[in-house]
Amino acid sequence: MDKGSFLKSAGLIETGGTMDPESLGDLLKSFSSVSSSDLASDEEFWAEIRKGYRLKPDFINLENGYYNFLPQQILEKYIEHTKEINYEGSYYMRTVQVGNKKAMAAKLAALLGCPSDEVILTRNATESLDMIISGFDWKRGDEAVMAEQDYPTMLAMFRQVADRYGIVNKVISVPNHPTSDDEIVDLYAGSITEKTRLLMVCQMINITGQILPIKKICDMAHKRGVKVMVDGAHAVAHFRFSLPDLDCDFYGSSLHKWLSVPLGSGMLWVRKELISTIWPLFATHEHHEPDDIARLNHTGTLPCHTDLAVSDAIDYYNMIGSGRKEARLRYLKDYWMTRVKDLPHIVINTPFEKSRSCGIANVGIKGMDPIVMSERLFENYRIYTAAIDFAGVYGCRITPNIYTSSEELDVLVRALHEMR
C-alpha cells in the first residue's frame with residue numbers, strides 16, 4: 001500500500017483524527033522501506049505523527065528542551081499507571097514497587113547499551129549529577145574542572161562543595177564555533193593539574209545545542225588520572241549513541257526531555273568499580289553491598305507511577321525509530337538555520353557541522369537583548385522560545401520536536417527576517 005492509500009484508508013486525511021497506537025504502528029510499517037534521511041523531510045508523514053500529540057493552539061512551541069511533553073499514547077499509559085497504583089495503594093508500594101523500578105532501569109540500560117546494575121532512576125539530571133558532585137570523596141585542595149556553559153545548578157553545587165570542603169573549581173569557556181575537537185580537548189586539558197580529581201562536561205550544551213567530543217575528552221582526562229562526569233540531559237533519545245562508547249565514569253540525564261517520560265524522571269549511570277566511592281544523597285537503613293548502585297537510590301516515597309512510564313516512553317521511541325527521530329530533528333534545525341544564517345545582523349550560536357549539533361540551536365540578533373527578542377517572538381509571532389543571556393551566548397534557544405512542522409518554522413524564519 002502506498003502512502004496516499006494508507007492515509008486515506010486510515011481515515012486520517014478526511015477526518016483529521018488522532019493517531020492511536022494501532023494506526024501509528026500501521027503508518028510506520030507502511031514506511032519501513034523509506035530511509036530515515038528521505039523521511040526526515042516528508043511533511044505529510046510527520047503531520048500524522050503530530051496527530052498523536054495534543055498541542056495548545058495559542059502559540060508555536062519551540063521550547064521543547066525544557067520539557068518535551070508526552071504524546072497521547074504515553075500520557076494514556078501514565079494515567080493508567082496512576083489509577084492502578086492508587087487502586088492497589090500500600091500493597092503496591094510494599095510488594096512490587098522496588099522490583100518494577102529496577103525493571104524500568106534495566107530497560108533503560110538496554111537502550112543505552114550499558115549493564116543494568118550500573119543504572120538507577122532518579123528525578124532529573126540535576127539530582128543525578130549533584131549526587132556525584134556532593135557525594136565525591138573530596139579532600140581540601142582537590143580541584144574540579146568545568147565550563148561556564150554547564151548547567152547553572154551543577155555549577156552551584158560545585159561552588160557549595162568548594163565552600164564546604166575547600167576544593168578549587170577551575171572554569172573554562174567553550175567557544176560557540178570551535179575549529180576542531182582538539183581545540184576543545186586542549187581547553188579542558190589546560191586546566192588539569194596533579195590535584196584535579198573530577199571533570200564535568202556536557203555531552204550537549206543546553207544553551208546552544210553544541211555536541212562535545214566526549215570520548216576524546218575522557219581519553220585525555222583518564223591519561224591524567226582524572227574522573228569524568230557527563231551531563232547528558234539533552235542527549236538521551238535525541239541522537240544515537242552508546243553509553244559505553246563515551247568511556248566516562250559518571251553519566252546523568254533527564255528523561256522528561258527527549259525521551260518524553262512524565263515530569264520527575266531522570267537517570268544516573270556509575271561505572272561499577274566507582275559506585276562504592278560515592279556517598280549517597282540520602283542514607284538508607286537497608287543493607288547494600290558497597291558496589292550495589294541501589295545504595296545511591298534511596299530518596300523516600302516518590303510518585304512511582306512516573307517510573308512505570310519509562311517503559312512506555314522507550315516503547316514509543318523505539319516505535320518511531322531512533323534513526324527517524326534523529327534525522328527529523330536534524331532536518332528541522334537545518335531547515336530554519338540555513339534560511340537565516342547569512343542574513344545581516346543574525347548571529348548563529350551553534351556549530352553547523354553535523355557532528356557538533358542535532359536538533360537544538362541558538363540564534364541571536366545583533367544589538368537586541370535576548371529577553372526582548374523572546375518577548376517580541378511571542379507577542380508578535382506567537383512563538384515560544386527560551387532567552388539565553390550568559391556564558392558568551394546571547395540569543396534564543398530553538399528546540400523543535402518531531403511534531404513541529406516546516407510551516408511553523410517558516411513563521412520563525414519570517415520573524416527573524418523582519419526583526420533583524
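**Group meeting: a walk through the model**

Okay, let's start at Gly99, which sits in helix 8 (residues 97–112). When I say helix or strand, I mean DSSP runs numbered from the N terminus: helices are H or I with at least four residues, and strands are E with at least two. Gly99 is partly exposed, at a relative accessible area of 45%. By that I mean it falls between buried, under 20% relative accessible area, and exposed, over 50%, using a 1.4 Å probe and protein chains only. From Gly99 to Phe136 you go 37 residues in sequence and 28 Å in space, C-alpha to C-alpha.

Quick housekeeping. This is a predicted model, where local features need pLDDT of at least 70, side-chain atom pairs count only at pLDDT 80 or more, and totals for chains, interfaces and linings use all residues. Residues are numbered from 1 along each chain as its sequence is written, and side-chain values use heavy atoms, with hydrogens and water left out.

Now, salt bridges. Side chains of opposite charge can pair when their charged atoms come close. Here the cut-off is a side-chain nitrogen of Lys or Arg within 4 Å of a carboxyl oxygen of Asp or Glu. How many salt bridges does the structure hold? There are 22.

Take Arg328 and Glu43, whose closest N and O atoms are 3.1 Å apart. That pair links distant parts of the chain: Arg328 is in helix 15 (residues 322–340), Glu43 is in helix 5 (residues 43–50), and they are 285 residues apart. Is Arg328 buried or exposed? It's buried, at 0% relative accessibility.

Lys56 and Asp58 form another salt bridge, at 4.0 Å between the closest N and O atoms. Lys56 counts as exposed at 53% relative accessibility, while Asp58 is partly exposed at 41%.

Then there's Glu143 with Lys170, at 3.9 Å from N to O. Glu143 is buried, with 10% relative accessible area, and Lys170 is partly exposed at 24%.

Strand 13 (residues 393–398) has five of its six residues buried, so the rest of the structure largely encloses it. Which strands pair with it? Pairing takes at least two bridges found by DSSP. Strand 10 (residues 361–365) runs antiparallel to strand 13, with three bridges joining them, and Ala361 has Ile398 as its bridge partner. Strand 12 is also antiparallel to strand 13, with five bridges; there, Phe390 partners Val393.

Strands 12 and 13 make a hairpin with two residues between the strands, and Ala391 in that hairpin has a positive phi near 55°. Why mention it? Most residues other than glycine have a negative phi. Ala391 is buried, with a relative accessible area of 12%. Arg382 also isn't a glycine and has a positive phi, near 60°. Arg382 lies in the loop between helix 16 (370–381) and strand 11 (383–384), and is partly exposed at 36%.

Last stop: Asp389, in strand 12 (residues 386–390), is partly exposed at 38% relative accessible area.
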